[in-house]
Amino acid sequence: NTAFAERNTAGRRAGKSELDAIIRDAVRFGGGTRDGAAETADALFGSGIFKVSDVKAILRDAQLAGTANNADPIEFARMAISANQTLGIQPNRMGQVFGMGTYAGQQGGFEIRDMAKWLPQQMAAAKAAGFSGESAFAKLAALNQAAVVTAGTRDEAGNNVVNLLGKMASMD
């Protein structure tokens with residue numbers, strides 16, 4: 001109903017088989033489980049910002065990134081939602097964004113699971129500070145790696161980055 005809200009009842013029923021095909025395709029492409037892919041698709045559709053074709057592309061990349069990082073693909077969906085809403089990153093570029101996050105997580109102590117938790121809040125703060133696009137995402141990923149070196153915990157590092165970005169946007 002959410003994915004095909006513009007359709008009548010018969011069209012929504014037909015959409016059910018389309019969704020099943022999208023979910024099966026994503027699992028074949030990126031691994032994971034059908035249930036995980038269905039939950040991830042639900043999160044993407046539930047945001048109300050992506051079309052069916054966008055969800056299909058993001059879901060494939062989220063499943064792949066989740067499998068590669070031994071993480072829940074729904075976390076990547078949340079990153080995609082925030083990246084699109086706050087940094088203006090287009091749906092067809094989310095695979096590259098997930099790749100940047102994966103690379104940064106492998107290079108330092110701020111893992112992809114930590115990024116999934118902190119990046120949505122950080123991206124909103126970055127937007128307020130004037131950052132946008134994929135380069136802003138890359139800067140945030142690198143900034144988190146630098147912050148974890150001087151912080152006591154990963155959560156403290158994520159919070160430190162939020163605070164820094166908040167100060168950059170403040171009048172003082």
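Is Arg-93 buried, partly exposed or exposed, and what is its relative accessible area? Arg-93 is partly exposed at 32%, where buried means under 20% relative accessible area, exposed over 50% and partly exposed in between, with a 1.4 Å probe and protein chains only.

The model is predicted, so local features need pLDDT of at least 70, side-chain atom pairs count only at pLDDT 80 or more, and totals for chains, interfaces and linings use all residues. Residues are numbered from 1 along each chain as its sequence is written, and side-chain values use heavy atoms, leaving out hydrogens and water.

The chain has eight helices and zero strands; these are DSSP runs (helices H or I, at least four residues; strands E, at least two), numbered from the N terminus. Of its 172 residues, 42% count as buried. The C-alpha trace spans about 55 × 35 × 20 Å along its principal axes.

Nine salt bridges are present, each a side-chain nitrogen of Lys or Arg within 4 Å of a carboxyl oxygen of Asp or Glu. Arg-93 pairs in this way with Glu-134, with the closest N and O atoms 2.7 Å apart. Because Arg-93 lies in the loop between helix H4 (73–87) and helix H5 (94–107) and Glu-134 in helix H7 (residues 133–150), the pair ties together parts 41 residues apart in sequence. Glu-134 is partly exposed too, at 24% relative accessibility.

Asp-20 bridges to Arg-24 at 2.9 Å between the closest N and O atoms, and both lie in helix H1 (residues 9–30), four residues apart. Arg-34 forms a salt bridge with Asp-20 at 2.8 Å.
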